[in-house]
There are 2 protein chains.
Amino acid sequence: MKRIKAIVAYDGSAYSGFQIQKNSRTIQEMIEKALTRMHKGETTKIVSSGRTDAGVHAKGQVFHFDSPIHMSGESWVRALNGLLPTNIVIQHVEVVSSDFHARYDVVGKTYKYFLHQGELPNPFKHHYSTYFPYQLDIELMRKGAQHFVGTYDFTSFCSAKTEKDNKVRTITAVEVDQTDEGFVFTFTGNGFLYNMVRIMVGTLLNVGSKRLAAEKIPQLIAAKDRKHANKTAPAQGLYLWEVYYDN
Amino acid sequence: MKRIKAIVAYDGSAYSGFQIQKNSRTIQEMIEKALTRMHKGETTKIVSSGRTDAGVHAKGQVFHFDSPIHMSGESWVRALNGLLPTNIVIQHVEVVSSDFHARYDVVGKTYKYFLHQGELPNPFKHHYSTYFPYQLDIELMRKGAQHFVGTYDFTSFCSAKTEKDNKVRTITAVEVDQTDEGFVFTFTGNGFLYNMVRIMVGTLLNVGSKRLAAEKIPQLIAAKDRKHANKTAPAQGLYLWEVYYDN
């Protein structure tokens with residue numbers, strides 16, 4: 001058996017999220033079905049770097065699995081993409097050391113959140129970018145963003161449904177960039193809690209539209225109470241962009 | 001009663017085309033439902049510039065309807081968009097002369113067809129642009145495209161299912177442009193037959209990939225037989241871009 005690491009990009013709009021659930025179509029299920037076909041019906045399970053929610057996309061989700069098949073990375077990419085729908089595209093496959101673990105070995109992740117503005121929403125972006133018609137001050141959002149950088153207990157910035165006990169995470173960078181269509185927010189950190197990026201974006205939108213002072217963010221973090229934070233931005237602008245491992 | 005002209009953009013990927021059909025969700029149905037709600041349950045029918053197929057998009061589809069409601073164009077846009085799903089967005093509304101007809105008065109249309117290339121298909125474009133992995137020679141495609149410009153009987157370049165008897169159409173311009181991701185084909189003419197743009201694109205892809213000589217196109221047109229033409233390119237790259245009327 002070889003341990004195989006794979007990177008996958010997917011359009012989450014047609015799926016109920018990454019992780020297998022009963023009675024709903026998930027990305028994990030589609031990948032495991034393709035792998036099981038490649039293994040002549042032998043069930044092949046995958047372990048991902050973490051789940052993504054319904055409607056959330058990925059440019060660089062990572063998963064691992066074990067296989068007795070000997071094949072080059074390129075051949076794996078071709079074979080899997082031939083069995084997968086066109087909204088799930090394997091980007092890269094490689095054989096890794098047998099102790100590599102796609103979830104436990106994660107040292108960091110980058111998420112991006114896309115927003116489009118303009119007089120009218122863009123119907124071709126409705127699954128891929130959130131429409132926000134109100135004016136946003138980029139300098140205020142950048143100021144707000146810096147308050148998230150550091151090591152904090154992010155209880156105020158995760159869903160009340162979060163199952164993890166330890167809510168301390170380190171955010172290493174938050175960038176706010178203007179694009180032709182609107183804005184893109186880039187968050188990098190050692191880990192993110194349930195809905196954490198979407199709540200941070202919701203907060204920065206309040207800062208950018210002058211409904212919340214950037215300087216209030218440290219107080220919101222210190223409160224350690226979800227009630228004190230802001231609205232969760234919609235799923236459709238969110239992309240798991242990259243997952244980092246040591247070497 | 002006022003005659004109202006509207007321009008609408010839509011993402012066709014979630015619909016079975018523009019025109020109302022039994023047991024399937026269409027764009028016309030969604031717009032008529034919204035209009036009927038605005039008219040307090042009074043059924044309001046629309047007439048479009050023409051149908052679009054399942055999966056085909058529009059940036060500037062035009063339709064008309066009659067209404068006793070007095071309202072500014074901007075208020076119509078806001079009211080209708082408030083009742084429509086976010087993949088159908090009204091762009092513009094104006095009151096027009098009572099003899100305006102969205103289908104009969106068309107003097108021309110522009111369609112665009114988007115293609116993306118690269119080592120792997122882009123999962124975020126699978127509804128919006130056709131993936132074509134093979135090398136394409138832009139100069140050959142431009143040469144081929146010029147053979148479509150003029151007034152011809154396009155029997156060889158429409159679906160055998162075309163209901164119209166007169167298959168003579170005038171194509172005024174065909175442009176082939178390279179983009180960061182691939183190519184865009186722009187067709188302008190006084191009218192297009194069923195599947196005509198998609199068959200012309202299929203033909204140009206054969207020319208660009210050197211499976212068909214550009215100089216053969218006049219013979220294909222002269223044959224007036226669908227059997228002599230080339231594959232129909234998939235629906236998902238096609239957009240009804242603009243519809244033209246006199247003044």
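## Two domains in chain A

Chain A is assigned two domains: domain 1 covers 2–96 and domain 2 covers 106–245. These bounds come from an automatic or database domain assignment. The structure is a predicted model, where local features need pLDDT of at least 70, side-chain atom pairs count only at pLDDT 80 or more, and totals for chains, interfaces and linings use all residues. Residues are numbered from 1 along each chain as its sequence is written, while chains are lettered from A and ligands numbered from 1 in the order in which they are written.

Taken over C-alpha atoms, the centres of domain 1 and domain 2 of chain A are separated by 27 Å. Their contact (C-beta atoms, placed from the backbone, within 7 Å) takes 13 residues from domain 1 of chain A and 10 residues from domain 2 of chain A.

## Where the chains meet

Let's turn to the two chains. Their contact takes 15 residues from chain A and 15 residues from chain B. On the side of chain B that touches chain A, strand 1 (2–10) and strand 4 (88–96) of chain B each supply at least two residues. The largest share, 3 residues, comes from strand 4 of chain B. Strands here are DSSP runs (E, at least two residues), numbered from the N terminus.

## How the copies are related

Notes:
Contact = placed C-beta atoms within 7 Å. Helix = DSSP H or I, 4+ residues; strand = E, 2+ residues; numbered from the N terminus.
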